[in-house]
Amino acid sequence: MDFCAEMPLEYESEKFKALDYAGQTITGKTFYACQFLRSDFKETKWVKCKFNDCVFTDCDLSLTSVTNCSFSETQFENCKLIGINWTDASWDKRGILNSIHFNGCGLNHCTFAGLILKKMTLTHCTARDVDFAETDLTRANCAHTDFAESRFFHTNLTEADFRHATNYAIPANMNTLKKTKFSLPEALALLYSLDIIVSES
C-alpha cells in the first residue's frame with residue numbers, strides 16, 4: 001500500500017510495510033488504526049497529517065518534520081526519532097487529545113518544550129539532549145529511560161514515573177515534583193540542586 005499524492009486522503013486499518021519515503025513530503029493524509037512497519041521516513045516532511053490509534057514499529061523517522069500534524073493514541077515501538085521538533089505539530093491546548101507513546105525508541109536531540117503531554121509514555125528509550133522545559137508531563141511514564149543531558153525546567157512532573165530512569169538532572173527547586181516516583185540510587189541526583197550538605201556521619 002502506498003500513499004503518494006494521487007492516492008486517497010484517508011486510510012483506515014491499513015498495514016504499510018517497508019516503505020521508503022526518505023526526504024519526501026506527505027501532505028494532508030489521515031490515518032485511522034494504521035500500522036507502519038520497518039519503513040524509512042528519514043527527513044520526511046509530514047504536513048497537516050492526522051494519526052489516530054496508529055502504530056509505528058521498527059521505523060526510522062530521524063530528522064522528520066511534523067508541521068501541523070496531530071497525534072491521538074499514537075505509538076512508536078523500537079523506532080529512531082532523532083532530532084524531531086515535536087512543537088511543530090498541532091497539539092490540543094488542554095492536553096485532552098494528546099496521547100503519544102514511545103517504547104524502546106531513540107529520541108536524542110528532540111524537543112517537547114512547552115507541550116501538554118499528560119500520561120505520555122516514554123519507556124525503555126534513549127532520550128539524550130531532549131528539551132522538556134515547561135512541558136506538562138503529569139502522570140507520564142518515563143521508566144527505564146536514559147535522560148543524559150536532557151533539560152527539565154519549570155516542567156510539571158506531578159505523579160510522573162521515573163523509576164529506573166538514568167542520567168537525569170532534574171533541579172528539585174525549578175520543577176514541579178508532587179508524588180513523582182523515583183528509585184535509588186538515581187534519585188540521589190535530585191539532591192545536587194538543593195543548597196544542603198549531606199554527610200555520611
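Which residues line the largest cavity? The model is predicted; local features need pLDDT of at least 70, side-chain atom pairs count only at pLDDT 80 or more, and totals for chains, interfaces and linings use all residues. Residues are numbered from 1 along each chain as its sequence is written, and side-chain values use heavy atoms, with hydrogens and water left out.

**View 1. Lining of the largest cavity.** The residues that line the largest cavity are W46, F51, F56, L61, V66, F71, F76, L81, I84 and W86. A cavity is a set of points, on a 1 Å grid over the protein atoms alone, where a 1.4 Å probe fits but cannot get out; lining residues have an atom within 4 Å of a point. The space in the largest cavity is about 60 Å³, a volume being the space filled by probe spheres set on the points, with grid points joined across faces, edges and corners. One cavity of 30 Å³ or more is found in a search of the whole structure.

View 2. Strands are DSSP runs of E with at least two residues, numbered from the N terminus, and two of them pair if DSSP finds at least two bridges between them. Strand β12 (residues 100-103) runs parallel to β11 (residues 74-77), and four bridges join the two. Within this pairing, H101 of β12 stands opposite Q75. Three bridges connect β12 with β13 (residues 121-123), also in the parallel sense. Here F102 has L122 of β13 as its bridge partner.

View 3. C110 is in no disulfide, the nearest cysteine sulfur being that of C105, 10.0 Å away. C110 is buried, at 3% relative accessible area; buried means under 20%, with a 1.4 Å probe and protein chains only. For C142, the closest cysteine sulfur belongs to C125 and lies 9.1 Å away, too far for a bond. C142 is likewise buried, at 2% relative accessibility.

View 4. T158 lies in the segment after β13 and is buried, with 16% relative accessibility. Its side chain makes a polar contact of 2.6 Å with the side chain of N156; such a contact is a pair of N or O atoms within 3.5 Å, of which, within protein, one must be able to donate a hydrogen and the other to accept it, and residues adjacent in sequence count only if both atoms are side-chain atoms. Beyond its neighbours within four places in sequence, T158 is in contact (heavy atoms within 4.5 Å) with L137, T138, R139, T176, K178 and T180.

How values were computed
Disulfide = S-S within 2.5 Å. Buried < 20%, exposed > 50% of the residue type's maximum accessible area, 1.4 Å probe, protein only. 1 Å grid on protein atoms, 1.4 Å probe; cavity = no way out; pocket = protein on both sides within 12 Å on 5 of 7 lines; lining within 4 Å.
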